[in-house]
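Follow along with the structure beside you.

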Amino acid sequence: MTTNATSIKAEKENKQNDLIVVRMEHLNKSFGNNHVLQDINLVMNKGENLVILGKSGTGKSVLIKSIVGLVEIDEGKLFILGQNISQLNDNELIEIRKKIGFLFQSAALYDSMTVRENLEFPLRRQLHTIPKDEMNSLVKEALLNVGLAETIDLWPSELSGGMRKRLGLARTLILKPEIMLYDEPTTGLDPITSKEISHLILEVQKKYNTSSIIITHDIACAKLIANRIIVLKDGICAAEGSYGDLKDSADAWTRSFFE
Ligand SMILES: Nc1ncnc2c1ncn2[C@@H]1O[C@H](COP(=O)(O)OP(=O)(O)OP(=O)(O)O)[C@@H](O)[C@H]1O
Ligand SMILES: [Mg+2]
């Protein structure tokens, strides 16, 4: 190959890599004899909503916790925004994790802080010095985004389950993460509130071009938001495709998620 052809090829590969936000290669994670993740290979593309399905206990939460370092992987490679995580120092890890938002399976709000204080907290922690006016307008924008403008002076205990989820979402989104990880965002909510949350996830994708992984058991939510779906089974990604592909899969086990 000529030098020119080599550099064109390299440039093309770089462009493709820029479009990949998370890449997992042969990821393994065990807890004692419990081999939860056995050989996970996965890519998440820029701007996509990637839905992860799988039976309870298959390692969905462990998988996304590994992305933010809440779970340390045993083997394999993990690339985030083009960087090999195992080669980063502590400061570089902190910087990259600032670009990732995590909506926990439980909303994990600070119950001793008002709604406003719950939103100010991540801003203060991440931005250290931020003018009061700016903080105020970011808090109001975040609440408007999730339809909670009226609740600014309430306590989390005064909110319904769906409102708490939305506040959890606002608190994560206020830092405008490039990558969002949603762990069961609609679990425990009625179908109408679940649909509202699903629409919010779609809005976040459109408004900020966020790349998201969404773990869910809610097939209506998956149908609405997924650009691509991966099904976990026995520690590997057992099936992958669009909602339509998997719903009509030749494999009965894969189809069973959609019945
Ligand atoms: N910190 C931990 N220490 C030991 N075992 C763990 C830990 N975290 C998870 N596990 C185990 O890993 C397995 C996968 O757990 P995980 O929470 O990822 O499941 P899940 O697919 O998210 O399930 P669900 O749909 O119920 O949320 C389970 O067997 C769980 O007991
Ligand atoms: Mg889980």
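**Entry 1: around the ligand.** I count a residue as near a molecule if one of its heavy atoms lies within 4 Å of it. The model I am working from is predicted. With that cut-off in hand, I asked how many residues surround ligand 1. I found 14, and the closest are Ser56, Gly57, Lys60, Ser61 and Val62. Sorting the shell around ligand 1 by class, I got three nonpolar, eight polar and three charged residues.

Entry 2: Next I went through the oxygen atoms of ligand 1. For Thr58, I noted a backbone N or O atom 3.2 Å from one of the ligand's oxygen atoms. For Gly59, a backbone N or O atom lies 3.0 Å from an oxygen atom of ligand 1. With Lys60 the side chain takes part: an N or O atom there is 2.8 Å from an oxygen atom of ligand 1. I then looked up the area: ligand 1 taken alone exposes 640 Å², and the protein buries 61% of that.

**Entry 3: which elements supply the shell.** Strand S2 (34–45) and helix H2 (60–68) each supply at least two residues of the shell around ligand 1. Which element gives the most to that shell? I found that H2 does, with three residues.

**Entry 4: a closer look at H2.** The buried ones are Lys60, Ser61, Val62, Leu63, Ile64, Ser66, Ile67 and Val68. After H2 comes Gly69, with a positive phi near 80 degrees.

**Entry 5: aromatic pairs.** The ring centres of Tyr110 and Phe121 are 4.9 Å apart with planes at 65 degrees, so I logged the pair as edge-to-face. Tyr110 sits in the loop between strand S6 (100–103) and helix H4 (115–127), while Phe121 belongs to helix H4, so the pair ties together parts eleven residues apart in sequence. Tyr110 is partly exposed at a relative accessible area of 27%, and Phe121 is partly exposed at 29%.

The other pair I wrote up is Trp253 with Phe257: centres 5.1 Å apart, planes at 85 degrees, so edge-to-face. Trp253 is partly exposed at 24% relative accessibility, whereas Phe257 at 18% counts as buried.

**Entry 6: charges over rings.** Trp253 came up again here. The charged end of Lys233 sits over the ring of Trp253, 4.4 Å from its centre. I also noted Lys29, which lies over the face of Phe31 at 5.0 Å from the ring centre.

Entry 7: His26 is not a glycine, yet its phi is positive, about 50 degrees. I placed His26 in strand S1 (residues 20–31), and it counts as partly exposed at 47% relative accessibility. Lys176 also went into this entry, with a positive phi near 45 degrees in a residue other than glycine. Where does Lys176 lie? I found it in the loop between helix H6 (161–173) and strand S7 (179–183). At 39% relative accessibility, Lys176 counts as partly exposed.

Terms used. Residues are numbered from 1 along each chain as its sequence is written. Chains are lettered from A and ligands numbered from 1 in the order in which they are written. This is a predicted model: local features need pLDDT of at least 70, side-chain atom pairs count only at pLDDT 80 or more; totals for chains, interfaces and linings use all residues. Side-chain values use heavy atoms; hydrogens and water are left out. Rings of Phe, Tyr and Trp (its six-membered ring) pair if their centres lie within 6.5 Å; planes under 30 degrees apart count as stacked, over 60 as edge-to-face and the rest as tilted. Helices (H or I, at least four residues) and strands (E, at least two) are DSSP runs, numbered from the N terminus. Buried means under 20% relative accessible area, exposed over 50%, partly exposed in between (1.4 Å probe, protein chains only). A charge sits over a ring if NZ of Lys or CZ of Arg is within 6 Å of the ring centre and within 35 degrees of the ring normal. A polar contact is a pair of N or O atoms within 3.5 Å; within protein, one must be able to donate a hydrogen and the other to accept it, and residues adjacent in sequence count only if both atoms are side-chain atoms. Accessible areas come from the Shrake-Rupley method with a 1.4 Å probe; for residues, only the protein chains shown count as cover. Ala, Val, Leu, Ile, Met, Phe, Trp, Tyr, Cys and Pro count as nonpolar, Asp, Glu, Lys and Arg as charged, and the others, Gly among them, as polar.
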